Amino acid sequence: MTIQWFPGHMAKARRQVTEKIKLVDIIFELVDARLPLSSRNPILDEIIGEKPRIIILNKSDLADPLETKKWVAYFNDQGIAAVPIVAQEGHGMKQLMAKAKELLQPKFDRRAAKGIKPRAIRAMSIGIPNVGKSTLINRFVKKNIAQTGNKPGVTKAQQWLKLGKELELLDTPGILWPKFEDPEIGKKLALTGAIKDTILQLDEIAMYGLEEMKIRNPELLAKRYRLTEEELNLESPDLLMLISERKGYKDDYTRAAELIVFEIRSGKIGKYTLDIAPISLPKRQDS
């Protein structure tokens, strides 16, 4: 299964981001905490260049918390600030603003030394579709000024938003890259909702998700669908058929696939991280 999705507005958005990046002080790069590497657009590194940035691991409530800690440590080791948040609930927002101020303090100190009046931080939010950029904005201002949706491609154009006296944010559409060199990345993005379901074969995505849950949350998977140990070890096509029958869908495997994908995305089969961090946390020393 090969998955690609690069609508025309994404190419336009990439050009616009390149043009506007010089207007901002800092980049808020949103990623999905369940796939901190696979949900990073490799194109963005060359666009961002040396501009200060914070990698925001959104939806961290759905991710394995230990893996999230490892990813924060990994990005820090790479010289990139990283902050886990849950934009939907507003968790981590204070830490995000504190980190932005910390990174930009030297710049604003230099401006003050030249007698330039202080102003709000100018930031740009970028990332792939459906990582929560618009939700983040709405949490900052505590009202719905940016259109959101639990599907990719909701934001179609750039928009400047003034968020109180401390922050001005340029919201941008989600940008994928034209070709996924690794097919596994396409599957991960599809399972977590970064690619429109209408272009996917959801039964294949559901079967991929079942295999991942067998590895990461086998007990929760078995409990959710009342599976015996023998049933849990079935091949994914047979398991999909079994769940379809158990839910009363009979031969409607598409309906069963939709249910499975939805329940994996929403965390009903437990927290999970599909990208494993290439770092080990130091062991805690008991005092």
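I looked up Glu29 and found it buried, as is Arg40 (buried means under 20% relative accessible area, exposed over 50%, partly exposed in between, with a 1.4 Å probe and protein chains only). I note that this is a predicted model, in which local features need pLDDT of at least 70 and side-chain atom pairs count only at pLDDT 80 or more, while totals for chains, interfaces and linings use all residues. Residues are numbered from 1 along each chain as its sequence is written, and side-chain values use heavy atoms, with hydrogens and water left out.

I then looked up the partners. Glu29 forms a salt bridge with Arg40, their closest N and O atoms being 3.0 Å apart (a salt bridge is a side-chain nitrogen of Lys or Arg within 4 Å of a carboxyl oxygen of Asp or Glu). Glu29 lies in strand β1 (residues 26-32) and Arg40 in the loop between β1 and α2 (43-48), so the pair ties together parts that are 11 residues apart in sequence (strands are DSSP runs of E with at least two residues, helices runs of H or I with at least four, numbered from the N terminus).

I next checked Asp45, which forms a salt bridge with Arg53, with 2.9 Å between the closest N and O atoms. Asp45 is partly exposed at 40% relative accessible area, whereas Arg53 is buried at 12%.

I also recorded a salt bridge between Glu168 and Arg122, the closest N and O atoms being 3.4 Å apart. This pair links distant parts of the chain, with Glu168 in strand β6 (residues 167-171) and Arg122 in strand β4 (residues 121-127), 46 residues apart.
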